[in-house]
Amino acid sequence: MRWITLFAGCMFMLSLSTGVAAQKKKDSDIKKALSELDSLRNCYLKKLKDLDSRISAIEKARKEEKEKAEMEALLNAASDLSRTKKKEEATISRVFRGGQRQLQALNPNISMTGDFFGSVSSGKSDVIVNDGDFTDGRNMFYMREAEFHIIAPLDPFTRGKFFLGIPGVGEYPLSFMIGEAYMEWLNLPANMNLKIGLFNTQFGILNRWHDHGLPQVDRPRVLTNLFSKNNFAGIGVGANFLLPRLWAHVNELDIEIVTGGDGVSFDDANDNVIFVTHLKNYYDLSRDAYIEIGFSGANGYNDKKAGYRTTLVGLDITYKWAPVDRAHYRTVEFRNEFFYSHRNRKDGAIDRFGFYSYISNKLGRRFWIGIRAGYSELPTVVNKEYEWDITPYVDFWQSEFVMMRFQYSYTYRSYEENDHTFFIQTVWSMGPHKHEAY
Amino acid sequence: MNKSKLIFVLAVVFTFTMISAQEGKLYVVTTFSDYASIVKEIGGDYVTVDHLSHGDQDPHFVPPKPSLAIKLKKADLFITTGLDLELWATTLLDKARNKKIMDGAIGYVTVYPGIELLQKPTTALSRTEGDIHVYGNPHIHTSPRNWIPISENILIGLKKVDPDHASYYEERQKRFVDRVYRAMFGDELVDLIGGQQLMDLVKAGTFFDFIEREFRGEKLVKRLGGWMKKAMPLHGKEVIAYHKNWAYFAHDFGMKVLGYIEPKPGIPPTPKHVEKMIKLIKDSGIDVMLVADYFEKRKPTTIAQKTGIMALFLPLSVGGNPEVSDNFKLMDYWIDHIVEAVSE
């Protein structure tokens, strides 16, 4: 019994301890589970928190981006609007002004040229006073010209040109003089340009040029002896034809009919009809050089009442070298004109000859030097009187618009005393100008 | 048949042969070789092109010789800048006896419309400023950006006188424009942003800021090609020029022209002004002088000897030397030589 009691007691104790152990284990498991739960809970709470904060951050960034985009759009709109002009509202405060009185934009191109020189001459004034004399030997300053150039298209078909001069001291003191006044039709049939009005005729080359544009201070003696100190001009019609290419690279023909002559070769009677023609033959020798050969003719009365006519014939030869890539600094121009005058008169005709020749050499952007020689038999004088001159000169171009020239002329005359003349000339231009010389 | 009749008949046959040879092709005459180069790009097989001024000639002073008027006489289309650079062109037009190409006629084209002109005079519009250009700087061909509106205006002219080939000219003009974009910026950036947009940025002066932006992890400048990439060393570079020929080129490539050897346009440099320029060059550390090669070499060379500046004599126009046979080669020539000078 004792063993059974002991056994039962042991069993009881054993079961008791087992039960307690089991309970302990159970408790431990529960604790562990609880702990793990806690841990999990904390972990997920943390994750939730993280997620929350990330979501907040994203939302914040999105919001900022949206705001930024809105700002950008706003600024772009502002920028666009700042370029757009708001349409003006019409209110009673508007003041009306008409444009009929303010059409200056349609004014022609107006430019002005001044031509001034001073001369000192050894000649005596009571000796050298002839038609055609450039200087009568007095030593003084001359405002030879203050010339307006007024040029404009008149319509799509025509151009108008006025050259109005105010000659200086001389026989027309400070009076207004029309140098040229003509209009020109362009692109007429037969490759013709046609001008009408008062113009310098295309007899030779230099006759067309205005005084301020001459290559020397004065016109060559042969021209002033033929046409007096003015150009050979007239009122009439002039046609310029661009001919088909004949023997030259360019052939151009001028045919002009004018009335009223220069008073020397041609009677200046208003009804003296004078015919003038010029044939130009132009050759490009290379891209840097050309030669031009021209033939001129003119015929009209030298004495309208008596019915005597003069015929003039001219030959012009020009060679120019201007290297295309150095034209600012180097140019050589060699120009010659030869004239023959056949003047009918009561006691037989007078045949006379004359020429000039000059060479100008550009030495740099501002300087030219040149020399001219000329010979002229007096065309209206029965005795064969003549003169010749040698004229060196130096040009200084301050700019394209202001030029100074220093020139010396020695003139030998068979009929009067010779003279030495020094010139200092200044020419200046104001306003727009066309490039016409080549 | 006697001799004179035979000569007459031969002359007539020859004339008609010449006419037939040109039949079907427009004869286009431009003032400058740069415009002629663009006409060739657009006109292709349907044009014959000639130009009045030589590539090594001062564009301001082209003598209006009769032989140039003869070229215009035969022209179907005349192309000029249209500002006050080619004053000599009006003399030639008046002599040419060709109604089709007179101002406003169907065969007359000015290439400046659509170009924003630089250096427009405002208050000082008089000859105290020298040989001033009243509308603004007319040397527009020196910017590749300007080739676009120039080509557009040329296209309009071609379409007007030769409407039968309009679509051909349009296609070629588009190709030309695309070629300009790609030559300017390189293929990658043009494909990404668009050529016109990039040109607008250059026009606004904000191109170099723009390409500093990042896109997909790298700066846009890494995608830059063409002349803009080659000319990066010129960006911000200060230079001297002889005349105001380079304004548009300098603007596009970010250069600054600090002074000119001419005291005023068209006024030859005086000794006093040359001294002033020498001082400016030394004080500012300028190392390149740009001179169109039709100007003198003496004064730029003197300045170079006294300051160490490099005087670059460059052809201003296509054909100015044998290497520059079109606008693209001209731009390559300028950029290569200027960058090389700057790098030295």
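Helix 12 covers residues 271–284 and helix 13 covers residues 298–307 of chain B, and the two pack with their axes 10 Å apart at an angle of about 40 degrees. On the helix 12 side of chain B, the contact is built from V274(B), M277(B), I278(B), I281(B) and K282(B), while helix 13 of chain B brings K299(B), I303(B), K306(B) and T307(B). Sorted by class, this contact of helix 12 with helix 13 of chain B holds 5 nonpolar residues, 1 polar residue and 3 charged ones.

Next comes another pair in chain B, helix 2 and helix 5. The axes of helix 2 and helix 5 of chain B come within 10 Å, crossing at roughly 60 degrees. That angle makes helix 2 of chain B oblique to helix 5 of chain B. The way helix 2 of chain B passes helix 5 of chain B is a right-handed crossing. Helix 2 of chain B supplies Y35(B), I38(B), V39(B), I42(B) and G43(B), and these meet W147(B), I150(B), S151(B), I154(B), L155(B) and L158(B) from helix 5 of chain B. No charged residues turn up in the contact of helix 2 with helix 5 of chain B, which is split into 9 nonpolar and 2 polar.

Helix 5 of chain B has another partner to look at, helix 6 (residues 166–185) of chain B, and here the axes come within 10 Å and cross at roughly 175 degrees. Anything over 145 degrees counts as roughly antiparallel, so helix 5 and helix 6 of chain B get that label. From helix 5 of chain B, the residues involved are P144(B), W147(B), I148(B), S151(B), L155(B), L158(B) and K159(B). They meet A166(B), Y169(B), E170(B), Q173(B), F176(B), V177(B), V180(B), A183(B) and M184(B) of helix 6 of chain B. The tally for this contact of helix 5 with helix 6 of chain B is 12 nonpolar, 2 polar and 2 charged residues.

Stepping back to the domains, chain B is assigned domain 1 (20–173) and domain 2 (232–343). Taken over C-alpha atoms, the centres of domain 1 and domain 2 of chain B are separated by 26 Å. Where these domains touch, domain 1 of chain B puts in 25 residues and domain 2 of chain B puts in 22 residues. Helix 2 (33–43) and helix 5 (144–161) of chain B are the elements giving two or more residues to the domain 1 side of that contact. That side of domain 1 of chain B, facing domain 2 of chain B, has 7 nonpolar, 12 polar and 6 charged residues.

The two chains meet as well, with 27 residues of chain A and 31 residues of chain B taking part. On the chain A side, the elements that give two or more residues are strand 4 (177–188), strand 7 (250–259) and strand 8 (273–284) of chain A. The side of chain A that touches chain B is made up of 12 nonpolar, 6 polar and 9 charged residues.

How confident is the prediction? The model scores ipTM 0.84 and pTM 0.82. Chain A has an average pLDDT of 88, with 90% of the residues scoring at least 70. Residues 127–132 of chain A fall below 50, and that stretch has 16 contacts in the model beyond near neighbours in sequence. For chain B the average pLDDT is 91, and 93% of the residues score at least 70. Residues 11–22 of chain B stay under 50, with 2 contacts beyond four places in sequence. Where pLDDT is low, the predicted coordinates should not be read in detail.

Methods. Residues numbered from 1 in each chain as written. Chains lettered and ligands numbered in written order. Predicted model: local features only at pLDDT ≥ 70, side-chain atom pairs only at ≥ 80, totals over all residues. Contact = placed C-beta atoms within 7 Å. Helix = DSSP H or I, 4+ residues; strand = E, 2+ residues; numbered from the N terminus. Nonpolar A, V, L, I, M, F, W, Y, C, P; charged D, E, K, R; others polar. Domains from an automatic or database assignment. Axes fitted to C-alpha atoms, helices over the stretch in contact; angles between N-to-C directions. Parallel < 35°, antiparallel > 145°, perpendicular 65-115°, else oblique. Left-handed = near helix turned anticlockwise from the far one by under 90°. pLDDT = per-residue confidence, 0-100.
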